[in-house]
Amino acid sequence: MSGSVKKIADVTFKAGRTIDWEGMTKLLVTDEARKEFSNLRRAFDDVNSQLQTKFSQEPEPINWEYYRKGIGSRLVDMYKEAYDSVEIPKFVDTVTPQYKPKFDALLVELKEAEQKSLKESERLEKEVANVQELKKKLSTMTAEEYFEKHPELKKKFDDEIRNDYWGY
């Protein structure tokens, strides 16, 4: 087996061990997303398994002497010469260099979106906490206490009263 295929098999195997499949599964919201993610994981495992079994094993060497005894040395030597002259071309990756910059740009964009999402999540958590606190206190809260927390509403109501606007 060529060294590059074995290297790819090793890298894929290591990548499979470092992927946090369970952690990513917990982030999925819909059943459809879970189903698609399950299909992705199954496909990854299938490819990884094939790389580990098919391509990680060296082929058994040919026992040329066995064939010389049964067929004759002239024909076997001709086949051995042809077999030895076969050169398996090395794999040259021309795709990765094209897509690596795009992938790196997407990773940067992903990190920015993640930071934005975390900030928004933090803001929403604070808002939920405020609403829950307000819900607890609402039954015993006076108008003055409410207006202390929301001075813009107090100003709006005071302006409406001052201008004789009662909402009709």
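Visitor: Which helices each supply at least two residues of the nonpolar patch?
Guide: In this predicted model, the helices that each supply at least two residues of that patch are α4, spanning 64-71, and α5, spanning 73-85. The largest share, four residues, comes from α5.

Visitor: And which residues form the patch on the surface?
Guide: The patch is formed by Ile 62, Tyr 66, Tyr 67, Ile 71, Leu 75, Met 78, Tyr 79 and Tyr 83, which together have about 880 Å² of accessible area.

Visitor: Where is the place of Ile 62?
Guide: Ile 62 sits in the loop between α3 and α4, and with a relative accessible area of 33% this residue counts as partly exposed.

Visitor: What about α3, how many residues has it and how far does it reach?
Guide: α3 has 23 residues and reaches 33 Å from its first C-alpha to its last, which is close to the 33 Å expected at 1.5 Å a residue. Its buried residues are Phe 37, Asn 48 and Leu 51.

Visitor: Switching to rings, how many aromatic pairs does the structure hold?
Guide: The structure holds six aromatic pairs. In one of them, the rings of Tyr 146 and Phe 147 have centres 6.2 Å apart and planes at 65 degrees, over the 60 degrees needed, so this pair is edge-to-face.

Visitor: Is Phe 147 buried or exposed?
Guide: Phe 147 is buried, because its relative accessible area is 17%, under the 20% limit, whereas Tyr 146, at 25%, counts as partly exposed.

Visitor: Which residues form an aromatic cluster?
Guide: Trp 21, Phe 37 and Phe 44 form one aromatic cluster, and Phe 37 is also among the buried residues of α3.

Notes
Residues are numbered from 1 along each chain as its sequence is written. This is a predicted model: local features need pLDDT of at least 70, side-chain atom pairs count only at pLDDT 80 or more; totals for chains, interfaces and linings use all residues. Side-chain values use heavy atoms; hydrogens and water are left out. Patches are made of residues with over 30% relative accessible area and no salt bridge: like charges are joined within 9 Å, nonpolar side chains (Val, Leu, Ile, Met, Phe, Trp, Tyr) within 5 Å. Accessible areas come from the Shrake-Rupley method with a 1.4 Å probe; for residues, only the protein chains shown count as cover. A salt bridge is a side-chain nitrogen of Lys or Arg within 4 Å of a carboxyl oxygen of Asp or Glu. Buried means under 20% relative accessible area, exposed over 50%, partly exposed in between (1.4 Å probe, protein chains only). The expected span of a helix is 1.5 Å times one less than its number of residues. Rings of Phe, Tyr and Trp (its six-membered ring) pair if their centres lie within 6.5 Å; planes under 30 degrees apart count as stacked, over 60 as edge-to-face and the rest as tilted.
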